[in-house]
Amino acid sequence: MFGTFRQYLRNDDGNATIEFVVLFPVFIFMFITIVEMGFLTTRAVLLERGLDMAAREVRLDLIEDLNHFKLRSRICELSTIITYCPDLFVELQEFDPADAYPQNAPTCRDRSNPTQFAPKTNFNPGGRSEIMFIRACFVVNPLVPGLGIGLLLPTDATGGYQLVSYTAFMNEPN
């Protein structure tokens, strides 16, 4: 009986299976984290690009009758990655260079409240030669919620996280 037990303990069949079971979840977690970070970075960069290009158009007064909806749809067009434009909120306000950038939290869409589509943000396109501050907040869902970097990101009630981009510019003088 002890010989059979000793032979069982010396048997090394299945070692590869144990290594696979231990290491596979680690590699999958790393892979999912890398993919999620890639998509997060791509979305953030393209939101920043869309906001900068739209701010240029506002600065040069290329958007007629500027309002929140026109600016928001222009940012959506220019960023190319925003699939659902109502998830984007835009703030535009006069900026005093003697002060710091606004320190308040950005206004983002509350997707748990489906009736909240109207912006409740500051929107003042300003006059000529005024310095303006523009901030955009876009709520996106993680690719794989509950895994990878998605575990570490602060999320709202619907599981989305906020991408915030901001810039400042001076309206062109007359």
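This is a short chat about a predicted model of one protein chain.

Biologist: What pattern does the chain follow along the sequence?

Modeller: The pattern is α-α-α-β-β-β. That makes three helices and three strands. Keep in mind that the model is predicted.

Biologist: What radius of gyration does the chain have, and what would a compact globule have?

Modeller: The chain has 25 Å. A compact globule of 174 residues would have a value near 16 Å. The C-alpha atoms fill a box of roughly 100 × 30 × 30 Å along the principal axes.

Biologist: And how much of the chain counts as buried?

Modeller: 32% of the 174 residues. The accessible surface comes to about 10900 Å², and carbon and sulfur atoms hold 60% of that.

Biologist: Let's switch to α3. Where is that helix, and how far does it reach?

Modeller: Helix α3 covers residues 68-79, twelve residues in total. From first C-alpha to last it reaches 16 Å, close to the 16 Å expected.

Biologist: Which residues of α3 are buried?

Modeller: His 68, Leu 71, Arg 72, Ile 75, Cys 76, Leu 78 and Ser 79.

Biologist: What covers them?

Modeller: The cover includes α2 (15-59), β1 (88-94) and β2 (131-140).

Biologist: What happens at the start of α3?

Modeller: A side-chain oxygen of Asn 67 comes to within 3.1 Å of the backbone nitrogen of Phe 69. Just after the helix, Thr 80 has a positive phi of about 65 degrees.

Biologist: Back to Ser 79. Why does it count as buried?

Modeller: Because its relative accessible area is 0%, and buried means under 20%.

Biologist: What does its side chain reach?

Modeller: The side chain of Ser 79 reaches the backbone oxygen of Cys 76, at 3.3 Å. Beyond its neighbours within four places in sequence, Ser 79 is in contact with Leu 46, Leu 47 and Gly 50.

Biologist: New topic: the largest nonpolar core. Which of its residues touch the most other members?

Modeller: Of the 24 residues in that core, they are Leu 47, Leu 71, Ile 75, Leu 88, Val 90, Ile 134 and Phe 169. The elements giving two or more residues to this core are α2, α3, β1, β2 and β3 (161-170).

Biologist: Which element gives the most?

Modeller: α2, with six residues.

Biologist: You listed Leu 88. What is Leu 88 in contact with?

Modeller: Leaving aside neighbours within four places in sequence, the contacts of Leu 88 include Leu 47, His 68, Arg 72, Ile 75 and Cys 76. Ile 82, Ala 136, Cys 137 and Phe 138 are also among them.

Methods
Residues numbered from 1 in each chain as written. Predicted model: local features only at pLDDT ≥ 70, side-chain atom pairs only at ≥ 80, totals over all residues. Heavy atoms only, no water. Helix = DSSP H or I, 4+ residues; strand = E, 2+ residues; numbered from the N terminus. Expected span 1.5 Å × (residues − 1). Buried < 20%, exposed > 50% of the residue type's maximum accessible area, 1.4 Å probe, protein only. Contact = heavy atoms within 4.5 Å. Polar contact = N/O pair within 3.5 Å; in protein donor to acceptor, adjacent residues only side chain to side chain. Core = buried A, V, L, I, M, F, W, Y, C linked by side-chain atoms within 4.5 Å. Rg over C-alpha atoms; globule rule 2.2 N^0.38 Å. Areas by Shrake-Rupley, 256 points an atom, 1.4 Å probe, with all protein chains shown as cover.
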